[in-house]
Amino acid sequence: MRRAKIESPVIGSHFVVAMSAIRSLGGVLMVGAVLMAGCAGPEAGSDDAAVTVFEGARLIVGDGSAAIEDAVFVVEGDRITQAGRRADVEIPGDATRVDLSGKTVMPALVNTHVHLASTRDDRVDQLQHMAYYGAGLVVSLGLDEGDVPFEMRDEMIPDGARSRTAGRGITAPEEGRTEVPIWITSEAEARTAVQELAAQEVNLVKIWVDTRGDRFEKLTPELYGAVIDEAHSHGLRVTAHIFNLEDAKGLLRAGIDAFAHGVRDMDVDDELVALWRERPNVVLVPNLPNPGLAEDLSWLSGTVPPDQLQRMQELPRNRPAAQAAFGIQARNLARLNEAGITVAFGTDGSSPWAVHQEMEDMVRSGMTPAEVIVAATRNSADLMQMTDIGTVQAGKSADFIVLDANPLDDITNTRRIASVYLRGIAVDRDALGARFSSGTP
């Protein structure tokens, strides 16, 4: 559960207590069946592509435009071929029709900051669990080992989200924490590390610039500057884990492309805002912390075993220190969003349901539900340079969530999922939920 985070010796940022506890239940929640992308079904436009018309729902496109009431969209194979007002859509005569009256449709979520397992079975399980809660794409950010994370980018997991990877991230030596990231102490090592990642064709380069509470030396401007320069020479972009305001300023000056966390030590100042406005393409993934508030988790009963859910409900709440830390980051998010900075979306850790908690906290910070939905869909797809996802529009992959209530009225309505479609196929949430909640592999 993202809302009860601990410092992990493996992940080192905010890891997820609940998911750690679930994994301790004997390594359950695993599946081994994986199909390749070619097994996903016929593509749109082929003679045998199934045609389905979804009609009557309120459609949140995901691009910030007003919701379309009584919308109609057409899916052929794995693609949306038409979407809009009923009067503007030509319904094929031989199509299967699905009545979504009273429902709201929004794009599947794009989570640009998670940490996935590097073993195939565990990774499949995580991708299916994340799809259950509405994610269509997740990005494993800097703690991936071996070949599996790269091999699985080309696979379409049945009932699972797609994935992307940063491979091994780059940091200064952090003895005793984790040896997965590449440790660097010189500019030459920095450039060699990036060259290694470039050969693997990572989707992003991840760096950590953080003393971890004054326990380690952090990357210096010379070192992270060399990483950024080398990455850009290979056509790669760099995202940074940060904590301090001054490091954020230094990284902006050095040409950083995105931040995987917001500033956490103090409120941002006018200088940071000015630096960022001079670099409008730099993206903020706020990755808000536990707000330290009481929370009803009964909505997780569909996938969490009852005894585990009870333990989660009993975890401490109403923690003033957590509330103060959250307040800093919430104010910073509000100010940067108001300044026009592009905000995308990520949750850290591996909790599949944290996407819904993060969206609630982004609204709690001052963003509107509509802004948060754009951040979690189109903006995050743009960050990952994925042109076929992020909105419900013609030409896009048919990745969308059907909700029982309108999240524009209350962002927590994203939790009221009726169904999830990925690549034009309904995720079998009943089967997945039964497996997850029973603890059977």
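## The second largest pocket

The second largest pocket holds about 290 Å³ of space. It is lined by 16 residues, and those closest to its centre are Asp-257, Pro-280, Asn-281, Val-282 and Val-283. A pocket here is an open set of points on a 1 Å grid over the protein atoms alone, where a 1.4 Å probe fits, with protein on both sides within 12 Å along at least five of seven lines; lining residues have an atom within 4 Å of a point. The volume is the space filled by probe spheres set on the points, which are joined across faces, edges and corners.

Helix α11 (residues 369–383) gives the largest share of the lining, three residues. Helices are DSSP runs (H or I, at least four residues), as are strands (E, at least two), numbered from the N terminus.

## About the model

This is a predicted model, in which local features need pLDDT of at least 70, side-chain atom pairs count only at pLDDT 80 or more, and totals for chains, interfaces and linings use all residues. Residues are numbered from 1 along each chain as its sequence is written, and side-chain values use heavy atoms, leaving out hydrogens and water.

## An enclosed helix

Helix α10 (residues 354–364) is largely enclosed by the rest of the structure, because eight of its 11 residues are buried. Buried means under 20% relative accessible area, exposed over 50%, and partly exposed in between (1.4 Å probe, protein chains only). Among the buried residues are His-356, Glu-358 and Asp-361.

The cover over these residues includes α9, α11 and strand β19 (417–422). After α10 comes Gly-366, with a positive phi near 125 degrees.

## Aromatic pairs

The model has 10 aromatic pairs. Rings of Phe, Tyr and Trp (its six-membered ring) pair if their centres lie within 6.5 Å; planes under 30 degrees apart are stacked, over 60 edge-to-face, and the rest tilted. Tyr-132 and Phe-436 are edge-to-face, at 6.4 Å centre to centre and 80 degrees between the planes. Tyr-132 lies in helix α2 and Phe-436 in helix α12, so this pair ties together parts 304 residues apart in sequence. Tyr-132 is buried at 9% relative accessible area, and Phe-436 is buried at 0%.

Tyr-132, Tyr-133, Trp-299, Trp-353 and Phe-436 form one aromatic cluster. Two charges sit over its rings. Arg-415 lies over the face of Trp-299, 4.3 Å from the ring centre. The charged end of Arg-429 sits over the ring of Tyr-132, 3.9 Å from its centre. The rule asks for NZ of Lys or CZ of Arg within 6 Å of the ring centre and within 35 degrees of the ring normal.

Definitions and conventions:
Contact means heavy atoms within 4.5 Å.
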